[in-house]
Amino acid sequence: MQNNDYLEKRFSKNPDMVFRQIADECLLVPIRHLTADLDYIYVLNPVAGRIWELIDGQRQVRDIADQIAAEFEVSPQEAAKDLVELLGQLQEIGGVKEI
Amino acid sequence: MGCAHLPETRYSELSQRLKAQAAASRIPISGDVELTARCNLRCVHCFINQPVGDKVVRGQELSFTEWARLIDKVVAAGCLWLLISGGEPLVRPDFLDIYSYAKERGLLITLFTNGTLLTPEIADHLARWRPFSVEVTIYGHTRKTYEAVTGVPGSFDRCRRGIQLLLERHLPVTLKTMLLTLNAPELEDMIAWAQGLGVQFRFDSMVGPRLDGSTQPCGYRLPAEQVVALDLSDKERSREWRKLFRNNRSELATMELFQCGAGRSGFYIDASGVLSLCIMVREPGIPLTRNSFKAGWEGVLLEARQQQRPEESPCVTCAWLKLCSQCPGWGLAEQGSLEGVSEYVCRTTQLRAAVFDANHHP
């Protein structure tokens, strides 16, 4: 089970990352500073793409995990575990920040 | 549910995958926009350039607001790669506004420019809002040759300064040239120039008529024999052509008129907002000021894209169609019809086949 404190956190998206859904791909395109290397276009899988849509600075991590669990038919614990991992990766690339 | 994560994907793999999906599902993933037909240079071979101060031509150009609206439409339709060209796009005082707007929508932008209007301020802006690529056309290695092509004194130095401004900011620059009778003797020097700067270089030698029908540029075109001799004079180019001829023989008759991505995954929008298949095939054209992009893409352009070759066309059974520059654009430019065949293009390919195809039987 994830730490309750973490599940209560809220994250906001970096406005300098643009989410694009093209064909079957979900892309995060950095529009400033970060694109020093063409490899810095990030590909999200469909679940991660949906999570990106749900991150709004208002929802807590727990709310997003519950929503993902309901939409993708997995346990809230599993959803929370994946979500925490993704949020860590998104923080690393400057895609989201804790508020 | 697959776990939510950021897969490690290299750009080249992603690009290939996206292009294949776009072609299969007919998504307009790649667009060219001509911000203006005006240019501050007067290149002898140019197919489009209008005087920079031409008020009538300027009056036909879309405003920033109109471009912003169009950019929203192409993004909604699935465009990812946007080429901004002209004319010279930097003659527009609102160039950076349009560029930044497109960047903010998540487009990967390639900019075609002659480099002469670049300033430290513009280069700084590009460094902050980094383009996918900036391609600067050079017209010669010496001032004399460069300005004999551009017709504008001082343009050579301004171009060199522009390139420097981009490189100082570590922007992704490619140099390229249109090879003409005037500058062909300087090809190797231009290649060395690019190598010295540590940037990529490419050249094109297929000069065609102007959009208005004038054949003046063709007076500066290299003879087909010289084009192939240049390929032959360079080991790497020769190896590349041999490989292409080995791997690209067309075995079956090809009836589809358009062999490229035009109208399948690519589109063109001119300075007045008219949507068409490509830079050379501007008819049919759909004015996007009065029609939606979606309707134009799914209606008129789909129909135009599906045109077939006449059975009697020599291209139908040509083994080298995949390697030939021959296309409806050349047919239109040289023969006045999409099905027309440019003798110059055909002759260049036949000569290349004679030289580079191991199995060539005349």
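What is the mean pLDDT of chain B, and what share of its residues reach 70 or more?

1. Chain B has a mean pLDDT of 94, with 97% of its residues at 70 or more; pLDDT is the predictor's confidence in each residue, from 0 to 100. The model as a whole scores ipTM 0.88 and pTM 0.94. Please keep in mind that this is a predicted model, where local features need pLDDT of at least 70, side-chain atom pairs count only at pLDDT 80 or more, and totals for chains, interfaces and linings use all residues. Residues are numbered from 1 along each chain as its sequence is written, while chains are lettered from A and ligands numbered from 1 in the order in which they are written.

2. Now to the domains. Chain B is assigned domain 1 (24-220 + 260-306) and domain 2 (223-257 + 308-362), with bounds from an automatic or database domain assignment. Taken over C-alpha atoms, the centres of these domains of chain B are separated by 26 Å. Their contact takes 10 residues from domain 1 of chain B and 13 residues from domain 2 of chain B (contact: C-beta atoms, placed from the backbone, within 7 Å).

3. In the largest nonpolar core, of 90 residues, those touching the most other members are Leu82(B), Ile84(B), Leu107(B), Ile109(B) and Ile269(B). Such a core is a set of buried Ala, Val, Leu, Ile, Met, Phe, Trp, Tyr and Cys residues joined through C-beta atoms within 7 Å. Buried means 20 or more other C-beta atoms within 10 Å of a residue's own, exposed 12 or fewer, and partly exposed in between, with C-beta atoms placed from the backbone. Both domain 1 and domain 2 of chain B supply at least three residues to this core.

4. Helix α9 (residues 224-232) of chain B has Ala224(B), Val227(B) and Val228(B) as its buried residues. Helices here are DSSP runs (H or I, at least four residues), as are strands (E, at least two), numbered from the N terminus.

5. Two backbone spots are worth a look. The peptide bond from Gly86(B) to Gly87(B) is cis, with omega near 20°, and Gly87(B) is in the loop between β4 (81-85) and α4 (95-104) of chain B. The bond from Glu283(B) to Pro284(B) is cis too, with omega near 0°.

Conventions:
Two residues are in contact if their C-beta atoms, placed from the backbone, lie within 7 Å.
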